[in-house]
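Look at the model below and follow its contacts one at a time.

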Amino acid sequence: MCDVIFSDRQAGQPVYLDMDDAVLSAVAARAGASAASTPTQQLVEAVRGTLILKSGPSDVFRGHLLRLERWRRAAATGGSAHIDIPPPPTVGLLALFTVAAEAMGSDTSYAVHAYYPRLSSLLEVETDTAKDRLSAAYRADAERLWKGLNDWLTATDGRYGVPTAYALTHRYIGLPLSQALVRAADRRHLSQMFRQYGLPPGSEVPPADMQRLLDAWMQQSPCPASNTLQALWQRPAAQERIAEVAALELLSWDSGTDSGVVGERSTRHSDVLLLAQLRRFPRPGLELSFLVRSSTGGAPDHLTVLGENESERQLEAMPLGGGLVRPRSAGDVDAQSLVEGVLQVSDPDSAVNGRRFPRRVVPLRRDEQANAFVECERVQLGEDLLLLVRDEGPLLREVQQLLSEIARPGYSVSTSFPGLPHGWALVTDLQVLANPRAEPTRTDLNALVALLSSQLSIAGGLRLPGNLRKWSSLHAPEVRAITQVEGELTLSLTRSQFESGEETVCQEWRSQRGVVVVDLADLGLDDGDYEITLAAGCRVLQRTVLRLRSSDTPDLYSWGAQRPLAHCLDQPSGVLAATPLERDVPDRVRGVMTYKSTERSEPLRSAAAPGAVWWTAPAPTPAPIAPILIAAPAPGSCVVTGAHRIQLPPSYGRATAKMMTGECTQCGLVKRYPTWLPRYGRRDREHDGITLDPTRLQNLPDAEAQPVSRDAVLDGLVHVGGGTAGSLERLVTQVDGSALAVSLFLRDLEVLGHVDVQRDTRSEMASWQAAPTCLAEVADGSFVLTGAWSARARDALQTLVERAGGELTVEDNGVGPTSWFVEGLLAEQLADLVIEGGLGDDLPSGATPHVVSDAASLMLSALPRLTDVERHLARVALPGARRVERFDLQSASWQAVLTAEAAGAYRLHAGFRSTHVFRSERDVDHGEAAIGTVHLVKHLEALRTGRPLIAHYPAKAYLAVPLGADLPGLYGRAAVLCSGRLPGQARKQKSRIYHEVPAAFATRLYELFASK
């Protein structure tokens, strides 16, 4: 059964123990069951023999509970084999519970809500006493039994799917109903409803609000739902369960490949959305771009944008997963025209053909998949938001008045933010926690009215990539609970223990104001699984799961899926990037560990590095690149004036749904209206139970984005262990959303020896892996910690070192992760300590840390000459370019030239794509070029001219290179290993400084960069 239902194909997706006929037949075939009886009958017979039905309620499931308890103990002590634990021994029993729930949606033998009579009938329990005993036993043990399945799926890090067996109400029968009531085809169909109502992927919607939206969706003509789901919806008792399933599906929906909405659809959300990122490095600023959703789920290489005068311009596309793509560069399109123009984007190969109309009030929500703020139809309660507002007439003042009523204190309004288009205002640190007391009269303000009445959201913190939703315990998120229902609001936090299956209430918060905001970072929570429950009075409104992880609790599925990466030096190009280690390569580097079979014997030019920098000539001012200008709408357009013409659907008598949707006939703006008639000119809000206290948000703590430390990001990378470029970017962009920040942080991780990176043919990151855990000796005799160190292992090391008379010290690297050093011990002492201390038990890899003596010199001695690297670079035909820049050595800067016909290092601009190439004299003769990183091509040009971009100051042990010309690949890692610290900057000398570099190391490095 588990082989059929739970597989790697379900990784990261909701998985259901849905025992329909097809699944049961597949299970029976795999089990080799006979055809003498139906699969359902055989399942019942197999399970019935394991139950004690003729004793008291505590004995009915006793055998299963005992086996479940033994399974938990064995799994909890599995150590590194935790990922391979078998499923709980209760899956067959749970499947039978689901079969009974399946019947509630089809047969008419019992009342639609009668679960226990159907379960008794399946098990052939006939007497009233036995039936009562069975139902009592189920109520006593159901939650423990179902929790075993949820805990297994969580413990295996979502490898076999994301758990779904939760019940908001009807605690006991709601569990099997969550698995059986809505079939797989109908669950996939729900994406149409999500799109229609502008529900963002991955958002949390309370089932009560989801039920209201589903009801409006079902009442459309023609109904977009299947006949089966329509019939099920007619049963009031089933609606709440369907809403719970829909809410769970939305949480895992990635908006990728699904069909368009049947019937009514908003052009606002068809394909193109505004995207914004807040940049912190090198200075604060706003970056605006756009996001495109491919209806086929494909990832186009290019996007065609319609500019002014109907001109078509091509942009290079960057896939984000889930059918989402964006331009690779944020500066491709003029920001002013982007927000004010009619943006039309197309790509025939991927079926992208959409447009975005400008809006005068643009809410953008934080989107984890896009790693940015993405435009949404309207705000959702409790989410982190940005808001763009056109600063004209009374609009901005009206928006500020509305925000003073509905937003959490602490937001900021700016009209002069760097990167903000002229005539616009930007609202940052915005969280909407209430709906206005009166419906806004201006249509533009409709975007600030939340569609939902209650919300329990987990926001902020450091979100970790993986199959499961989880956060770093080093930077825990904030919980925001909002309800507009009268009465006391209760928020509770409960922790679940895997080994015992027990749950412990950690803390509760109560409020009479309808709002609770809790910063979990203040609680100092340990790694683990928590459940957060929002209740109003005695009624549970919403539940959600909070998973906190760190390097101490690694994602073993992700770690187990990694193939070792190494810089294989049998090819000189291995100095630039790692590749999967699929064979025994004698000469290789992993992290800071250098393996070499023989000493290199290439003849080197005997020369010492110059004692001062020489690349200080003034650099010319670069000519700006003209971005694409988007055509503006007509002056009288509704998107300019705000006078929208809303068309409502025709009425056929009495309304059957609680809401109706109108759409502007010109721009597609969506507005929703209630279908009830107002009483005395306005809705009776007191009767509706909505709290109207205007002061309920005043005493909340101010909204303030807490910066994520780079140490927390490194800890998160150790938790994950490795993965695609996207997984690393999802972590790093939570520190700073700019592409430059991601590139710089990746460089820091590489040169510090914390990660190894595999690159594609364009020298861009394809995948990454946490490097082996090591203690590398630096020039002053101390040992720097590199690679995949967990916090627990580092603490254990500190204890061992201090007992031996040494010390563990810390050095701040500024914008980079902290460096840790062991001082006062010799290499032999340290090696004995890590072995005897059993540090491998506290590390994700399970391996004992390596102690590497004289790590920098050892690595440098294994590296090839730069000329050998250049000769082994792959050549391509010289790419075409609209604009060409050549690297000038004297000023260490790019300078515009007409062509790339001569030998040299070039930056080629093809449209809005930049490629760095190097051309030797031979390349010029053959019409070819070598593609490389920006750092590499600069040093290759210096090699060609015989003057390496390296200087050394012996008195200070500084090694200098030009800013923007860092030592490429392993050359830079070896130089950083001299001190274990990131390079600094000397801006007056236009140089990047490597610390504590001995003269012998500098001479050897200079020879490698000078010898031909």
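**Rings, charges and a helix crossing**

Ring pairs link Phe-61, Phe-97, Tyr-115, Tyr-116 and Tyr-138 into a cluster. Rings of Phe, Tyr and Trp (its six-membered ring) pair if their centres lie within 6.5 Å; planes under 30 degrees apart count as stacked, over 60 as edge-to-face and the rest as tilted.

This is a predicted model, where local features need pLDDT of at least 70, side-chain atom pairs count only at pLDDT 80 or more, and totals for chains, interfaces and linings use all residues. Residues are numbered from 1 along each chain as its sequence is written, and side-chain values use heavy atoms, with hydrogens and water left out.

How many aromatic pairs does a search of the whole structure find? The search finds 11. Phe-61 and Phe-97 make one that is edge-to-face, with 5.7 Å centre to centre and 85° between the planes. Phe-61 sits in the loop between α4 (57-60) and α5 (62-76), and Phe-97 in helix α6 (residues 91-103), so the pair ties together parts 36 residues apart in sequence. Helices (H or I, at least four residues) and strands (E, at least two) are DSSP runs, numbered from the N terminus. Both Phe-61 and Phe-97 are buried. Buried means under 20% relative accessible area, exposed over 50%, and partly exposed in between (1.4 Å probe, protein chains only).

Trp-152 and Tyr-160 also pair, but stacked: 5.1 Å centre to centre, with 10° between the planes. Trp-152 has 2% relative accessibility, so Trp-152 counts as buried. Tyr-160, at 15%, counts as buried too.

Now the charges. The whole structure holds 50 salt bridges. A salt bridge is a side-chain nitrogen of Lys or Arg within 4 Å of a carboxyl oxygen of Asp or Glu. Arg-359 bridges to Glu-375, with the closest N and O atoms 3.0 Å apart. Arg-359 lies in the loop between β7 (352-356) and β8 (361-367), Glu-375 in strand β9 (residues 372-375), so this pair ties together parts 16 residues apart in sequence. Arg-359 and Glu-375 are both buried.

Arg-62 and Asp-59 form another salt bridge, their closest N and O atoms being 3.2 Å apart. Asp-59 is buried, at 17%.

Glu-508 forms a salt bridge with Arg-510, and here the closest N and O atoms are 3.2 Å apart. Glu-508 is partly exposed at 41% relative accessible area, while Arg-510, at 52%, counts as exposed. Elsewhere, salt bridges that share partners join Glu-340, Arg-360, Arg-390, Glu-392 and Asp-444 into one network.

Next, two helices. Helix α10 (residues 184-196) packs with helix α13 (residues 236-252) at an angle of about 75°, their axes 10 Å apart. That makes α10 roughly perpendicular to α13. Angles of 65 to 115 degrees count as roughly perpendicular, under 35 as roughly parallel, over 145 as roughly antiparallel and the rest as oblique. From α10, Arg-187, Leu-190 and Phe-194 meet Val-245, Ala-246, Glu-249 and Leu-250 of α13; contact means heavy atoms within 4.5 Å. By class, this contact has five nonpolar, no polar and two charged residues.

Finish at Arg-171, in the loop between α8 (128-155) and α9 (174-180). Arg-171 counts as partly exposed, at 43% relative accessibility. Arg-171 and Arg-139 are 32 residues apart in sequence and 8.6 Å apart in space, C-alpha to C-alpha.

Technical notes
Axes are lines fitted to C-alpha atoms, for helices over the stretch in contact, and angles run from 0 to 180 degrees between N-to-C directions. Ala, Val, Leu, Ile, Met, Phe, Trp, Tyr, Cys and Pro count as nonpolar, Asp, Glu, Lys and Arg as charged, and the others, Gly among them, as polar.
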